[in-house]
Amino acid sequence: MSFHFLDFTQDITAEILKNIKDKTLLVFPTEKNKRKAIKQYQNNWNFNEIQFLTMDELKNCFYLPSIPIVRSELRHLTFFNVLQMREKEFFRINSYFDARIWSNYFFNFWEELQEEMIENIDIQELGLEANLDESTINWQERIYNIFVAIKRNYKDHLLKLGYTDVIFSYVQENINFDFLKSFKTLILANQFYYTKLEKEILEHISKSGVEIQIFYQLPEKVLDKQTLEIKTFSLQDLLLNKQFINSIEIYKPADLFLQLTSALNVLKEHPEISNIIDIDFYDSPYPQYLNRQVFEISGMAP
């Protein structure tokens, strides 16, 4: 596994395309990054055996369920259809549009547990570790138990329709590594956080003999190469590195309530900007509104 560190003034896509060989698999954190790379690659009129994927698409290549995976609106509609009356009353759901809010919570919750390969949660134990009061712990435990019941009914209903969901697909019996036989090199671009599942996939790829190259637009010192975890760093740490001094500007929104709008306006007015560092990101209300297919969100919630 080899690492390449670039600064913010460099075009990471162009640098990656300089390093590709025949039978290379390129993996990008978002669909937007992938499309940009495909466009640049096509402009070079290079006809090597190359494939472009997002990280989610890569995982789906290795975990192949025997039946189709449900998508988009059908997923949320099925969630609404399997809700029992007591569950609707608990979450105060009166219509499909009310259910969309809770379905987002539901699917995000189970996807995160699956990515970190967590099977069961002891809410009581976690609550005591976090020094929560008994009423809060009991409330969270009740929601968790309701989510477990909905998940069971949701799975049964999907099977009757002839579908499964991604929250059920990353299991041992679905693993198929034949996909790797077509490639000699795997290149990863600006993937700042790897889930436990993703690390396990990379470990298997490494053992298969496929060369792994990872590109970052960060100083080398902030990466733990053993765990692939980004160490805590500040804006000042970047400014101390000469590579970053002339490539960082500070924007302060006039209204924190409109922080998301301000950030998107910056991107619209300055299309050359590809990275935004927000030290108060998880203290703001907008993380849940960003489309993960378009925006790569890296970092840890406090």
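The following exercises, with worked solutions, concern the predicted model shown above.

Residues are numbered from 1 along each chain as its sequence is written. In this predicted model, local features need pLDDT of at least 70 and side-chain atom pairs count only at pLDDT 80 or more, while totals for chains, interfaces and linings use all residues; side-chain values use heavy atoms, with hydrogens and water left out.

**Exercise 1. Which residues of helix 1 are buried, and what covers them?**

Step 1. Helices (H or I, at least four residues) and strands (E, at least two) are DSSP runs, numbered from the N terminus. Helix 1 spans residues 12–19.

Step 2. Buried means under 20% relative accessible area, exposed over 50%, and partly exposed in between (1.4 Å probe, protein chains only). In helix 1, Ile12, Thr13, Ile16 and Leu17 are buried.

Step 3. These residues cover an arc of only 135° around the axis, which puts them on the same side of helix 1. The arc is that of the directions from the helix axis to the C-beta atoms.

Step 4. The cover over the buried residues includes strand 2 (24–28), helix 2 (31–43), strand 4 (185–189) and strand 5 (211–216). Contact means heavy atoms within 4.5 Å.

**Exercise 2. At what angle do the axes of helix 6 and helix 8 cross, and which residues make the contact?**

Step 1. Axes are lines fitted to C-alpha atoms, for helices over the stretch in contact, and angles run from 0 to 180 degrees between N-to-C directions.

Step 2. The axes of helix 6 (residues 96–115) and helix 8 come within 11 Å and cross at roughly 90°. Helix 6 is therefore roughly perpendicular to helix 8, a term for angles of 65 to 115 degrees.

Step 3. Helix 6 contributes Trp102, Tyr105, Phe106, Phe107, Phe109 and Trp110, and helix 8 contributes Tyr144, Phe147, Val148, Ile150, Lys151 and Tyr154.

Technical notes:
Angles under 35 degrees count as roughly parallel, over 145 as roughly antiparallel, 65 to 115 as roughly perpendicular and the rest as oblique.
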